[in-house]
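Please read the following briefing alongside the sequence and the coordinates.

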Amino acid sequence: GSPQASRRRPPPCVRMIARCLLLFLFFQGGLGAQVRMKLADGFDFPVGNPDAEGYYKARGMRLRPPVHFGEDWNGTGGGDSDLHDPIYAVADGVVMFAADVKVGWGRVMLIRHAYRDPATGQVKFVDSQYGHLRKLLVKKGDMVKRGQKIGTMGNNRGMYAAHLHFEIRYNLTTGMWRESVAKTTANWAYPTKFIRKFRRLKKEWRPVMVPTGTYLEYRGHTGL
């Protein structure tokens with residue numbers, strides 16, 4: 001997992017006030033900015049599309065110390081043998097954030113997805129995050145399709161052996177400020193479990209409104 005940057009970090013009280021305001025506006029329907037898009041018809045793996053063939057999960061999610069907010073995916077060849085390999089969107093969605101933030105992340109992308117939970121019939125939203133990318137092939141605001149190539153595997157300028165750091169978040173205000181959100185499964189999904197649970201969903205043609213404007217600025221970069 002990638003460490004949060006310590007430089008340019010707003011004071012905790014400022015981050016808390018800003019997050020509370022975002023949450024209030026979100027639940028009151030007052031954020032205003034929204035985009036229309038179709039519901040996801042399922043979720044695939046972000047590497048070795050669609051079944052992660054040729055890759056393995058080198059590190060899983062852990063929400064207690066030592067904390068790791070997502071999964072690290074490596075090619076079976078080891079080392080940098082997977083450098084430049086394609087990274088895919090796990091489902092239809094809209095790119096919420098795509099930037100080279102440097103520090104422990106390098107190039108990173110966040111995509112927002114809408115899906116209908118078969119168990120409840122409710123439309124729900126999640127954000128998928130793709131870290132340490134060598135190239136960003138889509139930009140903020142782009143609509144992407146399940147299985148679309150969105151970037152390539154990187155190593156953050158040699159800081160790590162090449163791998164993909166991958167997360168799925170329920171909390172739409174997290175953005176790049178992971179440490180400001182409670183380390184619970186109310187905020188984070190176990191990515192592999194989530195993908196397997198929602199692998200195939202009923203295709204629906206009617207678009208839904210998806211909230212945007214939910215991220216705090218991070219190192220001079222803003223979300224959609």
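**Overview of the predicted model**

Of the 224 residues of the protein, 51% count as buried, where buried means under 20% relative accessible area, exposed over 50% and partly exposed in between, with a 1.4 Å probe and protein chains only. This is a predicted model, in which local features need pLDDT of at least 70 and side-chain atom pairs count only at pLDDT 80 or more, while totals for chains, interfaces and linings use all residues. Residues are numbered from 1 along each chain as its sequence is written, and side-chain values use heavy atoms, with hydrogens and water left out. The secondary structure comes to three helices and 12 strands; these are DSSP runs numbered from the N terminus, with helices (H or I) of at least four residues and strands (E) of at least two. Among contacts (heavy atoms within 4.5 Å) between residues at least 6 apart in sequence, 71% join residues at least 24 apart.

**Strand β5 and its partners**

- Seven of the eight residues of strand β5 (residues 93–100) are buried, so β5 is largely enclosed by the rest of the structure.
- β5 pairs with strand β6 (residues 107–116) in the antiparallel sense over six bridges, pairing being assigned if DSSP finds at least two bridges between two strands, and within this pair Ala98 stands opposite Met109 of β6.
- β5 and β6 form a hairpin with six residues between them, and Lys102 in the turn has a positive phi of about 60°.
- β5 also pairs in the antiparallel sense with strand β8 (residues 143–144), over two bridges, and Met143 in β8 is the bridge partner of Val94.

**The largest pocket**

- The largest pocket holds about 220 Å³ of space; a pocket here is an open set of points on a 1 Å grid over the protein atoms alone, where a 1.4 Å probe fits, with protein on both sides within 12 Å along at least five of seven lines.
- Of the 13 residues that line the largest pocket (those with an atom within 4 Å of a point), the closest to its centre are Tyr115, Tyr170, Ala189, Phe194 and Phe198.
- The elements that give two or more residues to this lining are β7 (123–136), β11 (188–189) and α3 (191–197), and the largest share, three residues, comes from α3.

- His163 sits in the loop between β9 (149–153) and β10 (164–169), and His163 counts as buried because its relative accessibility is 9%.
- The side chain of His163 reaches the backbone oxygen of Ala161 at 2.9 Å; beyond residues up to four places away in sequence, His163 touches residues including Asp72, Trp73 and His132.
- Thr212, in the segment after β12 (208–211), is buried, with a relative accessible area of 3%.
- Although Thr212 and Ala33 are 179 residues apart along the chain, their C-alpha atoms are separated by 5.5 Å, and a polar atom of the Thr212 side chain lies 3.0 Å from the backbone oxygen of Ala33.

**Backbone geometry**

- A cis peptide bond joins Asn49 and Pro50, with omega about 5°, and Pro50 belongs to helix α2 (residues 48–52).
- Another cis peptide bond joins Pro65 and Pro66, with omega about -10°, and Pro66 lies in the loop between β2 (55–59) and β3 (71–75).
- Ala52, found in helix α2, has a positive phi of about 65° although it is not a glycine, and at 8% relative accessibility Ala52 counts as buried.

Methods. Grid points are joined across faces, edges and corners, and a volume is the space filled by probe spheres set on the points. A polar contact is a pair of N or O atoms within 3.5 Å; within protein, one must be able to donate a hydrogen and the other to accept it, and residues adjacent in sequence count only if both atoms are side-chain atoms.
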